[in-house]
Amino acid sequence: MEETEIEMIRKSNQNDINRIAEIWLDTNIKVHSFIPQDYWKNYSEKIKKMFLNAEIYVYQDEKNEIQGFIGMNHSYIEGIFVWKEERSKGIGKQLLDFVKSIKPELTLNVYQKNERAIKFYERENFRIEKEELDENTGEEEYLMIWERNDMNEKSERKMYKSRI
C-alpha cells in the first residue's frame, strides 16, 4: 500500500515564529541579492515580533515541518516565503491559491529587480497597477493587484472542491 503524503496550510501560531523568521531571513537574502544582507539581518528581530500579531498561513509538509508561509495584512500580501530546498515545487502557488480562495482582492509590492516573482504573479493573474519606490531600500517596485472575477472564482472553487 502506498503511503499518502499529508500536507496542509493552516494559520500560524506562536510556536511557529522561529521557523517563520528563519525562512523569512533566508528567502530575503537569497531572492533579494540586490539589497545588502545586513538590511535583512538588522530587521529580523523587529520582524519576528511583528509576526506574533500578523495574519500568517503556513505550509506544513507530511513531517509537520513548516516549509513556507504567506504573510497577510488584510488583503495585502506582505510576502510569500519558501524554504530554500523546497523552492520551485509549487508551495508558493498553493499558499497563494489558498488566500485567493478566502480573499476577493489581493495587492502586493514586488521589487522590479525580482523578475522571477513578477512573472509568477503575472501568471497568477496579478496586474501591475503602478511603479513605486521602497523608501527603506531605495529600490523601485511594482504595486500589483489581483481581483476575483467569475472565471477565477469558478476555477478556484473547482480546484478546492476536487481536493476534498
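This is a predicted model: local features need pLDDT of at least 70, side-chain atom pairs count only at pLDDT 80 or more; totals for chains, interfaces and linings use all residues.
Biologist: In what order do the elements of the protein chain run?

Modeller: Helices (H or I, at least four residues) and strands (E, at least two) are DSSP runs, numbered from the N terminus. The protein chain has five helices and seven strands. Starting at the N terminus, the order is β-α-α-β-β-β-α-β-α-β-β-α.

Biologist: How are H1 and H2 oriented to each other, roughly parallel or roughly antiparallel?

Modeller: Two packed helices are described by the angle between their axes and the distance between the axes. Axes are lines fitted to C-alpha atoms, for helices over the stretch in contact, and angles run from 0 to 180 degrees between N-to-C directions. H1 (residues 17-31) and H2 (residues 37-51) pack at about 155 degrees, with axes 10 Å apart. Angles under 35 degrees count as roughly parallel, over 145 as roughly antiparallel, 65 to 115 as roughly perpendicular and the rest as oblique, so H1 and H2 are roughly antiparallel.

Biologist: What is the make-up of the contact of H1 with H2, by class?

Modeller: Contact means heavy atoms within 4.5 Å. Residues making this one include Trp24 and Leu25 of H1 and Trp40 and Phe51 of H2. Ala, Val, Leu, Ile, Met, Phe, Trp, Tyr, Cys and Pro count as nonpolar, Asp, Glu, Lys and Arg as charged, and the others, Gly among them, as polar. On that scheme, the contact of H1 with H2 has 10 nonpolar, four polar and two charged residues.

Biologist: Is Glu55 buried or exposed?

Modeller: Glu55 sits in strand E2, and leaving aside neighbours within four places in sequence, its contacts include Lys11, Ile70 and Lys103. Buried means under 20% relative accessible area, exposed over 50%, partly exposed in between (1.4 Å probe, protein chains only). Glu55 comes in at 18% relative accessibility, so it counts as buried.

Biologist: How far apart are the C-alpha atoms of Tyr142 and Glu129?

Modeller: Tyr142 lies in strand E7 (residues 139-147) and is buried, with a relative accessible area of 18%. Not counting residues up to four places away in sequence, Tyr142 touches Leu108, Ile118 and Lys130, among others. Tyr142 and Glu129 are 13 residues apart along the chain, and their C-alpha atoms are separated by 7.2 Å.

Biologist: What about the loops: what is phi of Ser88?

Modeller: Ser88 is in the loop between strand E4 (76-82) and helix H3 (91-102). At 59% relative accessibility, Ser88 counts as exposed. Its phi is positive in a residue other than glycine, near 65 degrees.

Biologist: And which accessibility class does Asn125 fall in?

Modeller: Asn125 is found in the loop between helix H4 (115-123) and strand E6 (127-134), and its phi is also a positive value, near 70 degrees. With a relative accessible area of 47%, Asn125 is partly exposed.

Biologist: Where is Asn64, and how far in space is it from Met8?

Modeller: Asn64 is in the loop between strand E2 (55-60) and strand E3 (66-73), and counts as exposed at 57% relative accessibility. Asn64 and Met8 are 56 residues apart in sequence, but C-alpha to C-alpha the separation in space is 8.7 Å.

Technical notes
Residues are numbered from 1 along each chain as its sequence is written. Side-chain values use heavy atoms; hydrogens and water are left out.
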